[in-house]
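Q: I am new to protein models and would like to learn how to read one. Could you take me through this one step by step?

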Amino acid sequence: MSNKEKPMLELVDVSKSFGDVEVLKNISASVPKGELLTFVGPSGCGKTTLLRIIGGFTAISSGQVILDGEDIGALPPNMRDTKMVFQSYALFPHMNVRKNIGFGLKLQKMPKAKIDDRVDELLALVHMDGLGERTIERISGGQQQRVALARSLALEPKVLLLDEPLSNLDANLRVVMREEIRSIQERIGITTIFVTHDQYEAMSISDRILVLNDGIIQQIGTPTDIYETPKNKFIAEFVGYVNFLEGKIESFDQDSELYSVSTEHGNVSLNRTNNKDLAVADEIYLVIRPETVMIFSSDSEDLPNMLTGEIQDSMYAGNLVKYTIRCGDREILIDQYNPKDSIKFKRGDKIKFTVPKSVHALPKKG
Amino acid sequence: MAEAAIGNTPWSMWYKIRIFINTHLVNIFAGGLFVLLAIFLVFPLVMVFLKSFWGDDGFTTTFYQEFFTYNYYYWSFLNTMILGLSTMFILVVVGFCFAYMTTRGPMWLRTPLKICALMPLCAPPYIFSISLITLFGRNGMINNFFGLDFNIYSWTGVIAAQALAFLPLSFMMIENVLNSQNPSLEESASDMGASEMQIIRSITIPLASPGILKAALLVFVMTIAEFGNPAILGGRIPFLAPDTYLMITGEGDFNMASVLSVVLMVPCLIIFVLHNYILKGKGYTTIVGKPTAVDPKEITPVIKTFLLAVITPVVIMVVLCFAVIFIGAFVKIVGVDNTFVWDHMLNMQSNEAIYNSVKLSLMAGLFGAIVGTLLAYVIMRGKFKGRHVMEMMALSGFALPGTVIGVGYIMAFNKPPFLLAGTIWILILNCAFRFLAVGVEAGISKLHQISIEIEEASADLGADFITVFIKVILPIMFSAFVAGFIYTFMTTMMSLSSVIFLVTPGFDLAAVYIYLTAQLGELGLASAATVKMIFIVLVCLASLKLLAKKTGLKSEKK
Ligand SMILES: Nc1ncnc2c1ncn2[C@@H]1O[C@H](COP(=O)(O)OP(=O)(O)OP(=O)(O)O)[C@@H](O)[C@H]1O
Ligand SMILES: [Mg+2]
C-alpha cells in the first residue's frame, strides 16, 4: 500500500507561534501515499493548527510543507491540492446539495454535463443518491457530513484533511460514519489526515497515529504500537486506562531472554521483545493494561508472575467486571471479561493475579 | 390565595376589587395604553388621511387629481423616490466596502474605519448640509481655494449629504451580517479553489443578502423621510418632505399637504411591514458546531485598491465635514475670515434654543420611557388578543416620516377635545410617541431574559400584582427604562422634521434654530449650535454605552 521512497506529504521542522506562544515546535513527519494518519492529543495541543497549516489556512512560522515533492508552504489554500472537511462542515447554506458538491468543479470551468456526472458519482459514493436537490437545512447531520466529504473529494485532492469531522454527530452515528469514512478512504486510496481527540476513534480508523502534546510529537506509530508500547507515561495514559507498577531490573537471563524485575509486591519476569532498550539496574514502570491481567482466587495454585491482593471494589458492566484491587498501598484496576463463566469476587476477597511476561516497561527517567 | 380559601367569609367589596385588580391589572394597563397609542399615533395619521379626501364640500378626490395633474407635485414624488433609490444604491456599496474592511481587512485599520463610519450618528443628519455649504457653497472653502464654480444646491449636494448622514445605518447592518458569517465558509470556498473575488461573489454577498436588503430598505425609508438636507440643499428641486412643510407654512393648504404626506407615508409603511414581518428572522444560520479561530488574511491587492478607492473619499468627507463644523463654530467665517471669535458659541438665542431643546427632550424622554416600559410589559405579559397590533403600533413611529406626523398633529390637536396646539405638550407627546421603538424593544428583550416564573414565584409567596410590579418588575426593567429615556432624549434633541410644524414663535428649539440659521446662511451660528448638540449627543451615547456595559443591555445599536 505505501510507497516508501516518496511520501505524499512531508512536514519538515514545522513550527508555529501565535505571538509569543509557540504552539508547534519543529514537527517533522512524513505520510506515505494512501495512508490514513490521525492526529490525537488533548484539547489545545495544536492539532487543528497543524492541519490548517497543511491546508494553507494558517501561515507557517518556519519549516516546510512538502506535497508530492513540491514545497507548498507559501501557497494559498485555493492553489493547494489538499482539501479540508471542516468541523462545522462549512456547507454553503444558500446552495443545494448538488451545487455544494459541484462548487469546486464549476470553478474549474468543467462543462455542466461533466459536473453533473461527477456529482452523481460522488453522491453514490457517499450513499446520498437522489438527495442532490435538497437544501442544506433539509438534510440530517450525518448527511451534511457526507456532503462535506463528497465536496472535498470532488476535486480529487492529493491529501484529504478532516478536522474532528464526527464531533457534531451523536454516538451511534459517529461509529457508522467513521467506518464509512474509512471504507471510502480505502476504496479510493486517498492520503488522509484525520484529527480527533477521541482515542477509540483514532485506534479504530487509522493506519498510523500521531500523538501531539506540548507542541511536539510524542509518538508516531500504528495503533498497536501506540497502545501496547507507548513511549512515555503521557501516551500510555492518553490511550486507554493504565496501571503503573514501579520496579527495578535485577538481572537478565540470556537463555530465556527474560528480565527479572523486583517490585514492592513481588518479583515478575519480563520478555525482552517489547523492551529492547532496558538494562540491568534500570528503574522502570511496568505498563499494565487492565485487560491483560488474569485474576484467580487465593487458593489456586501458584503460577509465574503471580502477585497477591484484595478486592476493594467491583463494578459489573455486563460483558466484563471491573475490579479495583488493593495491592499494598496501591490500587490496580483489572478488567475480567466474560464474567458469566468465571468466578465473581466480592469486596474483601483475597485474590491472586498474574502480570503477563509480554508487559511493556518504561524507564523511570529519560 | 390564603384568604380566598377561607371561603365562607362573605367577601367585602374591597376584597373583590383587589382580586379584580390582581387578575386584570395588565389588561387595564393595556387598555389605557391602547387608548394613548390610538390618540397620539393613529389619530393624527387618520386625520392626514381624511384631510387628503375631505374638502370644504365633503368627500372628494380632487386633491389627488390635482396631485397627478400638476407636474410640480408628481415630480416631487418622483424626485423623492429617485433620491431614496440613489442614496440606497450608494450606501449599499459604500456600507459593504466599509464593512468588508472592518471585518476582513488589516487589524490596525478596523477600529479607525469603524469610528469613521459611525461618526455621523452623533450629529443630526442636516449637519452635512451645513458642512457642504461651508465647503462647496457659493463662498465655500474648496470652491474658493480651487477657483471652482461647483453648485452644492443641487442633486449632487442633496445625495452627498444624505449618503453621509445615513452611512452608519447601512454600515451597522451590513457589518453585523458580515461579522456573523461562519469564517469556515469562506475558507472552504477558498479550499475549493475560489479566488477572493469569486468568494465575494458566490459566498459572501449571497449570504449577506438578507442583511444587505434590510439595510437598503432602511436607508430608503430614512432618506425619503428626511426633511433637513433636501430642504436646505434642494434649492428649486421639489421633494415631498420639504414641500409638505411649504404647503402649510407658505400656502396654508392642508389638503395638499395631506396628499403629499399620504404619498410619502405609503412607501414607508409598506417597507416597515416588509421589514418587520416578512424579513424578520430571514437569514442564514451559518455557524454549526465549534467555529475555529481564524487569523486575518491579506485582501487581494485588486480588491483592496477598489475598497480603498471607495472608502478614502468618504473618510475624507466625513472628517472634513466634522472639522469645518468645529472650526466654523469658533471663527468668524470659515475660509474667509479665520479670526477666532466666541460670538457664535455665546449667542444668546442659540443658547436659549439649546436650553429649550434640553427641557423638551427631558420631558419627552421621561414620558416616552414610562410609556415604552409599560408597553413592553403589557406586550410581553398580557394575555389579550391584539398584542401584536400594539407592538406594531409602538414600533411604527420609527418608520413614519416626521413631517407626516407633524402635519397630523397640527390637524388633530388644534381644536377641542384635544386642544394642545401652541403648548409644549404637543411637542412632548409628538416626540415621546415617535421614538417609542427603542424603549419598547429594550424592554421586550429584558423581559425575554427573565422567566415569568420569577413573577409567579413572588405571587406564590403572597405578593399581589402591584407589589410584584414595583418590587420585581421595575428593578429588572430599569435598564430598559433608562435606555428608552436616553434614546428618546437624544433623538428629540436632534429631530427637526416633526417639531418644525409644531413650534410656536418665541419658543425656539435647537434643531429648528440650526435649520433656520443655515437657511439664512448664518453658518457660524448654525455650526456653533450643532457643536453644542453634538456634545450633548456624545454624552448620551457614552451613557448608553456605559449602561449597556453595566447591565448587558444591547440597545445602542438601534
Ligand atoms: N488564531 C489564533 N490566534 C492565537 N492563538 C491561537 C489561534 N489559533 C489557535 N491558537 C492557540 O493555539 C493552540 C492550539 O490550538 P488548536 O486549535 O490547534 O488546538 P486543538 O488541538 O485543535 O484543540 P481542540 O482539541 O480543542 O480542537 C491553543 O492554545 C490556541 O489557543
Ligand atoms: Mg481543534
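**Domains and their contacts**

A: Let's start with two parts of one chain: domain 1 and domain 2 of chain A bury about 840 Å² between them, and carbon and sulfur atoms give 59% of that area. Buried area is the accessible area, found with a 1.4 Å probe, that two parts lose on being put together, summed over both. On the side of domain 1 of chain A, Tyr227(A), Lys233(A) and Ala236(A) lose the most area to domain 2 of chain A, together 57% of what that side buries. Before we go on, please note that this is a predicted model: local features need pLDDT of at least 70, side-chain atom pairs count only at pLDDT 80 or more, and totals for chains, interfaces and linings use all residues. Residues are numbered from 1 along each chain as its sequence is written, chains are lettered from A and ligands numbered from 1 in the order in which they are written, and side-chain values use heavy atoms, with hydrogens and water left out.

Q: How many residues of domain 1 of chain A are in contact with domain 2 of chain A?

A: Contact means heavy atoms within 4.5 Å. By that rule, 10 residues of domain 1 of chain A are in contact with 9 residues of domain 2 of chain A.

Q: How many salt bridges and polar contacts are counted between these two domains of chain A?

A: A salt bridge is a side-chain nitrogen of Lys or Arg within 4 Å of a carboxyl oxygen of Asp or Glu. A polar contact is a pair of N or O atoms within 3.5 Å; within protein, one must be able to donate a hydrogen and the other to accept it, and residues adjacent in sequence count only if both atoms are side-chain atoms. Between domain 1 and domain 2 of chain A there are 0 salt bridges, while 4 residue pairs are in polar contact, both at pLDDT 80 or more.

Q: Which elements give two or more residues to the side of domain 1 of chain A that touches domain 2 of chain A?

A: Helices (H or I, at least four residues) and strands (E, at least two) are DSSP runs, numbered from the N terminus. For this side of domain 1 of chain A, the elements are α7 (223–228) and α8 (233–238) of chain A.

Q: Let's turn to the two chains. What does the interface of chain B and chain A look like in numbers?

A: The contact takes 26 residues from chain B and 29 residues from chain A. The area buried between the chains is about 2,300 Å², with 58% of it from carbon and sulfur atoms. The rule finds 1 salt bridge across this interface: the side chains of Glu187(B) and Arg52(A) meet at 2.7 Å, N to O. There are also 8 residue pairs in polar contact, both at pLDDT 80 or more. On the side of chain B that touches chain A, α9 (183–191) and α10 (196–225) of chain B each supply at least two residues, and α9(B) gives the most, with 7 residues.

Q: And how is chain B itself divided?

A: Domain 1 of chain B is made of 26–60 + 337–558, and domain 2 is 63–328. Their C-alpha centres are separated by 24 Å, and the contact takes 45 residues from domain 1 and 40 residues from domain 2. Together these domains of chain B bury about 3,900 Å², 77% of it on carbon and sulfur atoms.

Q: Is Gln144(A) buried or exposed?

A: Buried means under 20% relative accessible area, exposed over 50%, and partly exposed in between (1.4 Å probe, protein chains only). Gln144(A) counts as buried because its relative accessibility is 14%. This residue lies in helix α4 (residues 141–153) of chain A, and its side chain reaches the backbone oxygen of Ile136(A) at 3.1 Å.

Q: What can I say about Val94(B) in the other chain?

A: Val94(B) is buried, with a relative accessible area of 9%. Leaving aside neighbours within four places in sequence, Val94(B) is in contact with Leu167(B), Val310(B) and Val314(B). Val94(B) and Leu167(B) are 73 residues apart in sequence and 7.8 Å apart in space, C-alpha to C-alpha.

How values were computed: Domain bounds come from an automatic or database domain assignment.
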